[in-house]
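Reader: I would like to go through this model term by term. Please set each value against its definition before drawing a conclusion.

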Amino acid sequence: MKEMMNELAGLKQLEEIKTSDDVNVLVFSATWCPDCRFIEPFLPKLIQRYSTYHFWYVDRDEWLQVCADFNVMGIPSFIALKSGKEIGRFVSKNRKTEAEIDAFLQSLNG
């Protein structure tokens with residue numbers, strides 16, 4: 001999944017993402033996560049549809065503190081940021097469908 005988006009490389013980069021005037025969507029995931037694998041077939045289509053957004057892969061195992069800071073307990077989770085503010089969050093314990101992720105991204109009105 002991370003091949004489809006930018007991958008978080010450091011905390012300085014995260015600070016730049018947080019304060020950017022663009023819509024940045026953090027996608028919290030992990031290679032071992034079955035629900036993360038479930039969204040892989042349709043996620044590229046959504047990334048293309050919302051090409052004005054910047055998508056960032058955040059590896060849950062590599063960035064545990066970032067997950068804690070954002071209060072992300074389950075994956076996959078989506079958090080949208082713009083101009084230093086969280087503008088949207090799609091975090092749930094249930095498996096996410098294409099329609100649900102699409103509705104979340106559309107709600108951001110980037």
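Reader: What makes the largest nonpolar core a core, and which residues have the most contacts inside it?
Author: A nonpolar core is a set of buried Ala, Val, Leu, Ile, Met, Phe, Trp, Tyr and Cys residues joined through side-chain atoms within 4.5 Å. Buried means under 20% relative accessible area, exposed over 50%, and partly exposed in between, with a 1.4 Å probe and protein chains only. The largest such set here has 20 residues, and Val25, Tyr53, Phe55, Phe78, Ile101, Leu105 and Leu108 have the most contacts within it. At least two residues each come from β2 (24-29), α3 (43-49), β3 (54-59), β4 (77-82) and α5 (98-107). Helices (H or I, at least four residues) and strands (E, at least two) are DSSP runs, numbered from the N terminus. A second, separate core of 18 residues includes Cys33, Cys36, Phe70 and Ile75. In soluble globular proteins, nonpolar side chains tend to be buried together.

Reader: What is the origin of the model, and how are residues numbered?
Author: The model is predicted: local features need pLDDT of at least 70 and side-chain atom pairs count only at pLDDT 80 or more, while totals for chains, interfaces and linings use all residues. Residues are numbered from 1 along each chain as its sequence is written, and side-chain values use heavy atoms, with hydrogens and water left out.

Reader: Which residues is Leu105 in contact with, leaving aside its neighbours within four places in sequence?
Author: Contact means heavy atoms within 4.5 Å. By that rule Leu105 is in contact with Val25, Leu46, Tyr50, Tyr53 and Phe55, once those neighbours are set aside.

Reader: How many helices and strands does the protein chain have, and what pattern does the chain follow along the sequence?
Author: There are five helices and five strands. Their order along the sequence is β-α-β-α-α-β-α-β-β-α.

Reader: Why does the radius of gyration agree with a compact globule?
Author: The radius is taken over C-alpha atoms, and the globule rule is 2.2 Å times the number of residues to the power 0.38. For 110 residues a compact globule would have a radius near 13 Å, and the protein chain has 13 Å, so the two agree. The C-alpha trace spans about 30 × 30 × 25 Å along its principal axes, and 45% of the 110 residues count as buried.

Reader: Why is Pro76 called buried, and what does Pro76 touch?
Author: Pro76 has a relative accessible area of 1%, so Pro76 is buried. Residues up to four places away in sequence aside, Pro76 touches Phe28, Cys33, Asp35, Cys36, Ile39 and Lys96. The C-alpha atoms of Pro76 and Ile39 are separated by 8.7 Å, although these residues are 37 apart along the chain.

Reader: What is the peptide bond from Ile75 to Pro76, cis or trans?
Author: The bond is cis, with omega near -5 degrees. Pro76 is found in the loop between α4 (64-69) and β4. Most residues other than glycine have a negative phi, and most peptide bonds are trans.

Reader: What is the phi of Asn71, and what is the phi of Ser83?
Author: Asn71, which is not a glycine, has a positive phi of about 60 degrees. Ser83, also not a glycine, has a positive phi of about 50 degrees. Asn71 is in the loop between α4 and β4, and Ser83 is in the loop between β4 and β5 (85-90).

Reader: Why is Asn71 called partly exposed, and why Ser83?
Author: Asn71 counts as partly exposed because its relative accessibility is 49%. Ser83 counts as partly exposed because its relative accessibility is 37%.
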